[in-house]
Amino acid sequence: MSEIRVRFAPSPTGKVHIGNIRAAIYNWLFARHTGGKFLLRVEDTDLERSTPEAIEALLECMKWLGLSYDEEAFYQTKNKPRHMEAVEKLLASGHAYKCERTSRDGKTGEVVMFKMPKEGVIEFEDIVKGRMAKKAEDIQDFAIVRSDGSPIFHIANVVDDIDQRVTHIIRGDDHVENTFKHICIFKALGAEVPKYGHLSMIVNQQGKPYSKRDGAAFVGEFREAGYLPEALFNYLLLLGWNPGDDREVLTKEEMISLFDLEKVHVTAAKFDLKKLQWMNGEYIKRLPEEVFSSELVNRAKLSGMVVPDGFDLKFLVSQLQVRTKFLNDIPSQVRCFFSDDYPFDEKAVEKRLKKDGVKALLLDLVERFSKVQEWKAPQLEEVVKALSCGNGMGPWVHPIRVAVSGRGEGIGLFEMLELLGREKTLARLEKAAETMAL
RNA sequence: GGCCCCAUCGUCUAUCGGCUAGGACACGAGCUUUUCAUGCUCGGUAGAGGAGUUCGACUCUCCUUGGGGCUGCCA
């Protein structure tokens, strides 16, 4: 058995759809699992959209997800001579013919048509869908060369697959019907027909193909929203495949060794953002502390913040990492630590500070906190505990939090105060008492 | 219209004829006697409908219904 070779063949349009990248993921895993080659073919025949920028974006996206490809990237436009060579061959052997035609959008001219067999059944064993069959008579002859002389997808795709010696074509479900046509081209060209595996589509809640109207649909958008590539990769993989047991968060090694194309689902899967979000949180939790830490510093910097001298970053990280679902949430979570210019959440202020007695309470706390010997979370907690007389600390905790951080949520309150330090804490409590509390 | 494909909790799914139908997300309740989380415990919700094959069907067959794909000088 010869080497397994699969390919990912996107048209670079600037944005990579999640359905498309899932096909790439499956191809990649299949290649890595079998020890075969994962090839990249850029189907750049649409000169309008296939700009260098679009190609760059595509490569960047694959790199981000860790979809490393073998050999050199193959550019479809560069293979045009071979496409036309194949067309000549088909013309010569009677598998194709020229004919005058008018296209849907009114173009008239001579095109080359592929001649479908008029009888018999075209069949193939789809690795994910099983036996597929279609009567040849149900498929019309179809164009393979435009009136302007350029080769059409069907012929280009098949010839490229022959030239790249692709053994397994793993692609979206929307290509099943094309497969019957393509098989005929392979045969007419005297080439070996590759194996096929068609992947179901990712659909929205209504069961329609998932598109940008349904939310983030392109890889770049998930990246910008603060998703980790590993989380997106893992989630997309699970949309139509599972290892056969209850494991869901998998390492790349596990994915590679467990992946089985035959166990990929035939049915369309609905995209569930909530589960992806959960998955992302799982990956953030698993991030090495120093990686999360530098990510935090970077994002703070990008938002115009600097870590103050002597700040206990490690402590902040330990508190923040478990509760971060999106890397993008980091700036708003750390602002109150790195800057005195932090925004106040209207609702939180209204609910916690604009209440009778809060002003007196905050001033009282300033008194009590200023007497604390050691500025550490447990000691600070003692102060509030004493005030609450063993009842819930809620009435004290909430106003303090809003006063010192501007928000109704965040890391543990006393850890927060410890990180802020005595000086800032007291100043902020006082200021809130003066300016906002009743 | 024609052709092809599909059908288990709200969602992703396990089950390759023996099921008291399991897990995860989401949701609800509780605990961790401070928020928000994390963690843990508990809970509800599923086999589209109808025939058949079989001792036995969610699993096999057929029909109905529902959904999707394709039907381009797009890819």
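Analyst: Two residues are in contact if their C-beta atoms, placed from the backbone, lie within 7 Å. Helices are DSSP runs (H or I, at least four residues), numbered from the N terminus. The model is predicted: local features need pLDDT of at least 70, side-chain atom pairs 80 or more, while totals for chains, interfaces and linings use all residues. Residues count from 1 along each chain as written, with chains lettered from A and ligands numbered from 1 in written order.

The helix is α7, residues 229-238. α7 is mostly covered, with 9 of its 10 residues buried (20 or more other C-beta atoms within 10 Å of their own). The buried residues are E230, A231, L232, F233, N234, Y235, L236, L237 and L238. Their cover includes α1, α2 (52-65), α6 (219-224), α8 (252-258) and α9 (273-286). After α7 comes G240, with a positive phi near 125°.

Now the wider setting. L236, buried in α7, also belongs to the largest nonpolar core, a set of 84 residues. Such a core joins buried Ala, Val, Leu, Ile, Met, Phe, Trp, Tyr and Cys through C-beta atoms within 7 Å. I25, Y26 and L236 have the most contacts inside this core. Helix α1 (residues 18-34), part of the cover of α7, gives the most to the core, with 10 residues. Y26 touches I170, L199, L261 and V264, leaving aside residues up to four places away in sequence. A second core stands separate, with 18 residues, among them A96, V159, F180 and C184.

Notes
A residue is buried if 20 or more other C-beta atoms lie within 10 Å of its own, exposed if 12 or fewer, and partly exposed in between; C-beta atoms are placed from the backbone. Helices (H or I, at least four residues) and strands (E, at least two) are DSSP runs, numbered from the N terminus.
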